[in-house]
Amino acid sequence: MSYTGPVEDRLAIRELIEAYADAVTRRDADDWGACWAQDAKWEMPDYPEFPPQEGRDNIVALWKSAMEQYPGIMFQAWPGAIEIKGDHAKVRSWTAEVYDQGDNTVRDRGAYDDECVKVDGRWVFSRRSFRNIHKQIQPKGC
């Protein structure tokens with residue numbers, strides 16, 4: 001994968017990734033849900049407690065319940081590759097998360113393999129698949 005396609009579309013997809021990360025950190029379900037296509041698919045194979053979802057409404061409902069387990073989350077994401085063909089794109093993005101869990105601070109790093117579509121002139125995620133790369137758990141105060 002590399003960076004291909006019109007610069008304007010690549011910028012719009014980068015901004016989609018950034019809007020997604022911003023909505024996670026702000027815990028804003030409406031803004032987060034707006035990043036998804038109506039018929040999108042989301043999976044996180046490393047988290048069997050969160051089964052694959054289809055459809056924006058189901059994805060947002062799962063996200064809302066999942067976010068209860070991640071208080072104080074700070075979520076960052078950036079693209080590693082964007083390949084655009086017409087109104088479809090394949091994207092790889094990297095993530096870094098920090099959040100509290102009990103008496104610990106957790107740092108996760110992961111990767112998304114994505115597919116995006118352009119709907120009414122706007123890019124959204126049509127499929128996201130997240131894999132965890134690294135998890136670090138550290139007692140608070142260390």
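1. Let's start with a pairing you can find on screen: Lys135 and Asp108 form a salt bridge, with their closest N and O atoms 3.4 Å apart. Lys135 belongs to strand β7 and Asp108 to strand β6, so this bridge ties together parts that are 27 residues apart in sequence. Keep in mind that you're looking at a predicted model.

2. Are the two partners buried or exposed? Lys135 is partly exposed, at 40% relative accessibility.

3. Next up, Lys90 and Glu115: their side chains meet in a salt bridge at 3.9 Å, N to O. This pair also links distant parts of the chain, with Lys90 in strand β5 (residues 88-101) and Glu115 in strand β6 (residues 104-119), 25 residues apart. Lys90 is partly exposed at 46%, and Glu115 is partly exposed at 29%.

4. If you skip neighbours within four places in sequence, Ser126 is in contact with Ala37, Ala40, Lys41, Glu115, Cys116 and Val117. Ser126 has a relative accessible area of 15%, so it is buried.

5. Now have a look at Asp31 and Arg26, whose side chains meet in a salt bridge at 2.7 Å, N to O. Asp31 is partly exposed at 37%, and Arg26 is partly exposed at 40%. Both sit in a network of salt bridges that links Asp22, Arg26, Asp28 and Asp31.

6. How many salt bridges turn up in a search of the whole structure? That search finds 10.

Terms used. Residues are numbered from 1 along each chain as its sequence is written. This is a predicted model: local features need pLDDT of at least 70, side-chain atom pairs count only at pLDDT 80 or more; totals for chains, interfaces and linings use all residues. Side-chain values use heavy atoms; hydrogens and water are left out. Buried means under 20% relative accessible area, exposed over 50%, partly exposed in between (1.4 Å probe, protein chains only). Contact means heavy atoms within 4.5 Å. A salt bridge is a side-chain nitrogen of Lys or Arg within 4 Å of a carboxyl oxygen of Asp or Glu. Helices (H or I, at least four residues) and strands (E, at least two) are DSSP runs, numbered from the N terminus.
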